[in-house]
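Biologist: Please take me through the salt bridges and the nonpolar core of this chain. I would like each answer to end on the value or name asked for.

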Amino acid sequence: MEKLFSQSIEDLRNVYKFSEGELEILETVDKAADEIALSELECYLERKLNKEAQNIAKKYGLFKIPVKKEYGGFGANPLISALSEARLGQMSLGFAITFNVQVFLGELTIQRWGTEQQIEKYLKPATNGDIILAYALTEPEFGSEPTALKTSFEEKGGKHVINGAKYLITNGS
């Protein structure tokens, strides 16, 4: 296990008793981070999205970490999720942002506030890594200031029509 990550876990053992399942998740995250590292460096230097990292995350089940077991996740608590995010951030901020948007902005939002239909259509496939969720806050004229956003939506014929412009869409590639 990577030294700094391993030390974080050892430090926490003084105040928290890890279960075997939690330690297995952290070991899996460490292996995945090591595997992602080489392709991430290559993509960073070429200024490209690292699609291989998403495949590796899917292979190791990283998108399952905090999602409830009833929805196909591991049901890990916030401490295990935070340690996992820290390890991925040590290896690559680029993939850590992809992971953050997928899991913490996307999956957990749907888990908390989604309908059963949305959970079936989006959460379960995202948890398995079959779909990647995106986040679109930034607008050309106003940046990432939520109170200044101009994009709107309206319902038309039973569908939602979005009006506005976005750029710098995280996971939008």
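**Salt bridges and core**

Modeller: In this predicted model, K59 and E35 form a salt bridge, with their closest N and O atoms 2.9 Å apart. K59 belongs to helix α3 and E35 to helix α2, 24 residues apart.

Biologist: Is K59 buried or exposed?

Modeller: Exposed means over 50% relative accessible area. K59 has a relative accessible area of 55%, so K59 counts as exposed.

Biologist: How many residues apart are D130 and K58?

Modeller: D130 and K58 form a salt bridge, the closest N and O atoms being 2.8 Å apart. D130 lies in the loop between α6 and β1, and K58 in helix α3. The pair links distant parts of the chain, and the separation is 72 residues.

Biologist: D34 and R87 also meet in a salt bridge. Is R87 buried or exposed?

Modeller: The N to O distance of the D34 and R87 pair is 2.7 Å. D34, at 47% relative accessibility, is partly exposed. For R87 the value is 4%, and the cut-off for burial is under 20%, so R87 is buried.

Biologist: Which element gives the largest share of the largest nonpolar core?

Modeller: This core has 24 residues, of which L62, F95 and F99 touch the most other members. Elements giving two or more residues include α1, α3, α4 and α5. The largest share is seven residues, and it comes from α2.

Biologist: How many residues of strand β1 are buried?

Modeller: Strand β1 pairs with β2 in the antiparallel sense over five bridges. β1 has five residues and lies largely in the open, because the number buried is zero.

Technical notes
Residues numbered from 1 in each chain as written. Predicted model: local features only at pLDDT ≥ 70, side-chain atom pairs only at ≥ 80, totals over all residues. Heavy atoms only, no water. Core = buried A, V, L, I, M, F, W, Y, C linked by side-chain atoms within 4.5 Å. Buried < 20%, exposed > 50% of the residue type's maximum accessible area, 1.4 Å probe, protein only. Helix = DSSP H or I, 4+ residues; strand = E, 2+ residues; numbered from the N terminus. Pairing = 2+ DSSP bridges. Salt bridge = Lys/Arg side-chain N within 4 Å of Asp/Glu carboxyl O.
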